[in-house]
Amino acid sequence: MIKTFSLIALFLFQSWLIASPVFASVMITDDIYFHEQWYLQKIQVPLAWQTTTGSNDVIVAVLDTGFDLNHPDLEENKWINTDEVPDNGIDDDGNGFVDDREGWDFVEDDHTPEPTIGETYDEGAVSHGTVIAGIIGAATNNQKGIAGINWHVKLMNVRILDNMGVGNSNTAREGIKYAVKNGAKVINLSFTGFNDDPELESVIQAANAAGALIVAAVGNTEGGGVNVDDTPIYPACDGHGQADNGIIGVASTDKTDTKSTFSNYGATCTDISAPGEDILSTVYQNSARAPFAKGFYQDSWSGTSMAAPMVAGSAALLYAANPRLTPPQIKNVLRLSADPVQVTGPASGKMGAGRLNIASALKLAALLYPPEAVPGSLVKLSCAPLADVNDPCKAVYFYASDGKRHAFPNDKVFFTWFADFSSVKEVSQDFLSTLALGKNVTYHSGTKLVKFQSVSTVFAVEAKGVLRAVGSEAIAAELYGADWGKKVDDISDVFFGNYTFGLKINAASEYSVEGAKALVNGLDQNF
Ligand SMILES: [Ca+2]
Ligand SMILES: [Ca+2]
Ligand SMILES: [Ca+2]
Ligand SMILES: [Ca+2]
């Protein structure tokens, strides 16, 4: 379904900075409100999906009013602390929080990070966190509601704002620490205040040092917005005046790339702009509340609060494409790849680097910070001289488009796929460890006959490691020639579990050597 996507050649580099190529609706999802999500086209998300639709390995923490724990379009992408046994009153994973299976509520100090019905609440505030979570990573192509910027992601639910949307820098600090400790790569802060908190600054710096990217809204002010150079807004302007405070400050633009009237702006802590008007997303739903016209969804959300998660969601796509990117690298490519905004008056030149363009950002990241290897390649560690034959450095892996590394059990299997080792790339231990271990590679279909050491049955190989017993020596001879016996490889019994078993071949007409070979063109098709 997803076409492979070749990079634009380097000599076109300058053209991205001016304008992005427009491909009409390059990818459509079946989410019923997809066509109302104008911002996806604006920031080129469907084009970006040709490169990546996100990864479940990327955790994005939403520090907000808590998002709906049972929302039908969020459940699939909700971060679950799998090391925590729910509701047993024990902090099973020892992270300091009891039963925090679905995140943490720093407002109520409990394990249910969602708005509390029954208390006074502000209509906008109780849905605020859910709106943000949906923009970043609503389940996509599931025939429900909206599409998220990430089809696959893990949304960490950290409640630091109450039912009125109010919090303090103490809960913000604790929330950021929790997110970092539990593996968040991106932290979205769609809230603002006027008081600087040096302790919050140091927590943010520590988060950066741990590899977590912080995205913050620069805030809204009625009547044209304020210049945050003169009136600093926190946390976006934490470390105000530093060349890089480790935070991506986000301003809001509209459908025509014009500054949103309400958006704050500034030369210092405003790094980029993103759509923040008339946004349709998921909302908090509860049987105690009157349902919205669109049930679990509502349109017309506006604010820099909605612009920030566009950037946070885009950062998650960048991490999915290359988990080894650093926060400063992500910030750099997002800014360098932004499109121009139309701004006149006092905010002119103060909307950051321009309006977010995630498709351009992905291309630029691949050029500026190329990963050591890309999916579809063969990788191994480099070996020290005289390394033992059983040294892990000897293992060769196929880095598949599922993002995993699949090991070749031995040379015999390798040579059914590749003629020699010339295309194997040596990578660092750091890089290799970012690739999850997948399955063992099985024999290429149609190439060999195989048998297990302990069993006399001879098998022909089909795609995806399916073995079919060959009914008789006559059939083997008809399929593989009179010398078929020389084409039988012995498979060690330890690899028995790599294979599954299909129908027995009772006549030569039930199997075609060339047909089986042709069925699988590359290793990627074999998993
Ligand atoms: Ca815990
Ligand atoms: Ca527990
Ligand atoms: Ca709670
Ligand atoms: Ca959906």
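Student: What makes residues of helix H8 (residues 327-336) count as buried, and which are they?

Tutor: Pro327, Ile330, Lys331, Val333 and Leu334 are the buried ones in H8. Buried means under 20% relative accessible area, exposed over 50%, partly exposed in between, with a 1.4 Å probe and protein chains only.

Student: What covers the buried residues of H8?

Tutor: The cover includes helix H6 (198-209), strand S5 (213-217), strand S6 (247-253), strand S7 (272-275), H7 and helix H9 (358-368). Contact here means heavy atoms within 4.5 Å.

Student: What kind of model is this, and how are things numbered?

Tutor: It is a predicted model: local features need pLDDT of at least 70, side-chain atom pairs count only at pLDDT 80 or more, and totals for chains, interfaces and linings use all residues. Residues are numbered from 1 along each chain as its sequence is written, chains are lettered from A and ligands numbered from 1 in the order in which they are written, and side-chain values use heavy atoms, with hydrogens and water left out.

Student: What is the overall picture of the protein?

Tutor: The protein has 13 helices and 19 strands. Its C-alpha trace spans about 90 × 60 × 50 Å along the principal axes. Of its 527 residues, 52% count as buried. Among contacts between residues at least 6 apart in sequence, 72% join residues at least 24 apart.

Student: Why is glycine 134 called buried?

Tutor: Its relative accessible area is 0%. The cut-off is under 20%, so glycine 134 is buried. Glycine 134 sits in helix H4. Leaving aside neighbours within four places in sequence, glycine 134 contacts Leu74, Ile146, Ala147, Gly148, Ser281 and Thr282.

Student: How do H4 and helix H7 (residues 304-321) pack?

Tutor: They pack at an angle of about 35°, with their axes 8 Å apart. The axes are lines fitted to C-alpha atoms over the stretch in contact, and angles run from 0 to 180 degrees between N-to-C directions. The crossing is right-handed; that is, the near helix is turned clockwise from the far one by less than a right angle.

Student: Which residues meet there, and of what class?

Tutor: His128, Val131, Ile132, Ile135 and Ile136 in H4 meet Ser305, Met306, Pro309, Met310, Ala312 and Gly313 in H7. By class, the contact has eight nonpolar, three polar and no charged residues. Ala, Val, Leu, Ile, Met, Phe, Trp, Tyr, Cys and Pro count as nonpolar, Asp, Glu, Lys and Arg as charged, and the others, Gly among them, as polar.

Student: What makes the atoms around the calcium ion (ligand 4) donors?

Tutor: Donors are N, O and S atoms within 2.8 Å of the metal, or 3.2 Å for Na, K and Ca; water is not among the atoms, so sites may look incomplete. Asp31 (OD), Asp73 (OD), Asp73 (OD), Ala139 (O), Asn142 (OD1), Lys144 (O) and Ile146 (O) coordinate the ion at 2.3 to 2.7 Å. Those distances fall within the 3.2 Å limit for Ca, so the atoms qualify.

Student: Why does the pair aspartate 31 and alanine 139 tie together parts 108 residues apart in sequence?

Tutor: Aspartate 31 lies in the loop between helix H1 (13-18) and helix H2 (38-42), and alanine 139 in the loop between helix H4 (123-137) and strand S3 (152-159), so the pair links those parts. Aspartate 31 is buried at 2%, and alanine 139 at 1%.

Student: Why are strand S18 (488-491) and strand S19 (500-501) at the edges of their sheet?

Tutor: Five strands form an open, mixed sheet in the order S18-S15-S16-S17-S19. S18 and S19 each have a single partner strand, so one side of each is left without a neighbour in the sheet.

Student: How do you know that S15 (residues 449-452) and S18 pair?

Tutor: Pairing takes at least two bridges found by DSSP. S15 and S18 have four, in the parallel sense. In one of them, phenylalanine 452 has isoleucine 491 in S18 as its bridge partner.

Terms used
Helix = DSSP H or I, 4+ residues; strand = E, 2+ residues; numbered from the N terminus.
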